Amino acid sequence: MSPFKPFKQFLLHAAAALAVLGTLGAVGGVAVMYFGLYNIAAVDQHTLPVYTLLDTALRQAIRQRAKHIAAPALSDPALVEKGFVRFRKNCVPCHGAPGVAPGDAGKGMLPLPNNLAESARELAPREIFWVVKNGLKMTGMPAWEYRFEDEEIWAIVAFVAKLPTLSPKEYRAMEEEHFERTPTSAER
Amino acid sequence: MPRSMNLLHSPLCERGETDGVSGRRSAPAKRRDISCLIHLLLLTFLSACAQEKPPHGQTLGDAERGKVALQQYACTGCHVIPGVVGANSHVGPSLAGLAKRTYLAGVLPNTPENLIRWLKEPQKIAPLSAMPDLNVRDAHARDMAAYLYTLN
């Protein structure tokens, strides 16, 4: 009797078990999908495992794809100012700003659009650039590549990078300086 | 309460059956009286348990609804909220242990009324705060407060 026979037998059994479990898993997955068992309502929270899976996949995908992007210098005040104008018009409606609430559409979304002052602390400028340019599937984040030139996207990134340094009062002052005074959310 | 009052007129609690001469109630009638009383007490207790919270006038709302409202008013965008999946942001303070907090936002004594007020108009209370007014409806603020007070 060959010394490998018991091992071979073990492998066979393991393969059979895996095949059975895999088939059951696949059938279960298809059933969950086909019978609409997963609630896709935005008012229904993800379960923690699903949330963790999606959130991790998203973060890793951004990191991976932005890896080789070289960010230009972003500290030029003129660039920051240019970014501010676009930020206020195109980002604030969903993301809000320091002391400014997101709009109703943003508030109703799941996932909730990130607070960008926090994103600026967590993501590198090249990663923010990638997200703004390409958008994010299934999150509501649109791609801006076909609306803005790269240079304009970098301007937005330059302003977003400044967000964590702005107090709500300073942000309001910037608004007042650039635009006609807009009522604060308390006055609206 | 009215539900149990109705029972006085139900067949369960018959009136009458008093002794014609003495005006005393007969033994079986007394037994029925006692059984009726027990039923009444039980029903009062049960109906008190089953009573739904009135939508108005009550300070705190429904905690389960509050959990969804906390998401729908973007609270989850800035605060860690235990029990709410995805609420893991550190823009503002974590809301863990809010029930034990002494001051809300560092300015208001922690009472249900103050918490509801704060949720509805933070900018009026603390104009320098980064927490914006989120146009929270009164009923939703009460629901959110109910959930937040489960965090201790």
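Helices here are DSSP runs of H or I with at least four residues, strands are runs of E with at least two, and both are numbered from the N terminus. With that in hand, a word on what you have open. This is a predicted model, where local features need pLDDT of at least 70, side-chain atom pairs count only at pLDDT 80 or more, and totals for chains, interfaces and linings use all residues. Residues are numbered from 1 along each chain as its sequence is written, while chains are lettered from A and ligands numbered from 1 in the order in which they are written.

**Stop 1: a loop in chain B**

Select B:Val80, which sits in the loop between H3 and E1 of chain B. (Buried means 20 or more other C-beta atoms within 10 Å of the residue's own, exposed means 12 or fewer, and partly exposed is in between; C-beta atoms are placed from the backbone.)

Now show what touches B:Val80. Leaving aside neighbours within four places in sequence, its contacts are B:Ala87, B:Asn88, B:Ser89, B:His90, B:Ser94, B:Leu95 and B:Ala96. A contact here is a pair of residues whose C-beta atoms, placed from the backbone, lie within 7 Å.

**Stop 2**

Go to B:Ala74, in the loop between H3 and strand E1 (103-104) of chain B. Just after H3(B), this residue takes a positive phi of about 65°. B:Ala74 is buried, with 25 other C-beta atoms within 10 Å.

Then pick B:Ala105, in the loop between E1 and strand E2 (108-109) of chain B. Its phi is positive too, near 55°, in a residue other than glycine. B:Ala105 is partly exposed, with 17 other C-beta atoms within 10 Å. Why stop at these? Most residues other than glycine have a negative phi, and most peptide bonds are trans.

**Stop 3: the cis bond in chain A**

Hop over to chain A and select A:Leu110 and A:Pro111. A cis peptide bond joins them, with omega about 5°. You'll find A:Pro111 in the loop between helix H5 (104-107) and helix H6 (116-122) of chain A.

**Stop 4**

Back in chain B, select H3. Its buried residues include B:Gly66, B:Lys67, B:Ala69 and B:Leu70. What do the buried residues of H3(B) pack against? They meet H5 of chain A together with H6 of chain B.

H3(B) and H6(B) pack at an angle of about 105°, with their axes 7 Å apart. Axes are lines fitted to C-alpha atoms, for helices over the stretch in contact, and angles run from 0 to 180 degrees between N-to-C directions. The two helices are therefore roughly perpendicular to each other. (Angles under 35 degrees count as roughly parallel, over 145 as roughly antiparallel, 65 to 115 as roughly perpendicular and the rest as oblique.) To see the contact, show B:Ala63, B:Arg65, B:Gly66, B:Lys67, B:Ala69 and B:Leu70 of H3(B) with B:His140, B:Asp143, B:Met144, B:Ala146 and B:Tyr147 of H6(B).

**Stop 5: H4 against H6**

H4(B) packs on helix H6 (residues 138-148) of chain B at about 125°, with the axes 9 Å apart. That angle makes H4(B) oblique to H6(B). Among the residues that make the contact are B:Leu115 and B:Leu119 of H4(B) and B:Met144, B:Ala145 and B:Leu148 of H6(B).

**Stop 6: the cores**

Next, colour the largest nonpolar core, which has 28 residues. Such a core is a set of buried Ala, Val, Leu, Ile, Met, Phe, Trp, Tyr and Cys residues joined through C-beta atoms within 7 Å. Those with the most contacts inside it include B:Leu70, B:Tyr73, B:Leu115 and B:Leu148. H3, H4 and H6 of chain B each supply at least two residues of this core, and H6(B) gives the most, with 6 residues. Not counting residues up to four places away in sequence, B:Leu148 touches B:Leu95, B:Leu98 and B:Leu115. A second, separate core of 24 residues includes A:Phe87, A:Phe129, A:Val131 and A:Ile153.

**Last stop: between the chains**

Finally, show both chains: 22 residues of chain B are in contact with 27 residues of chain A. On the chain B side, H3(B) gives the largest share, 3 residues.

Key:
Two residues are in contact if their C-beta atoms, placed from the backbone, lie within 7 Å.
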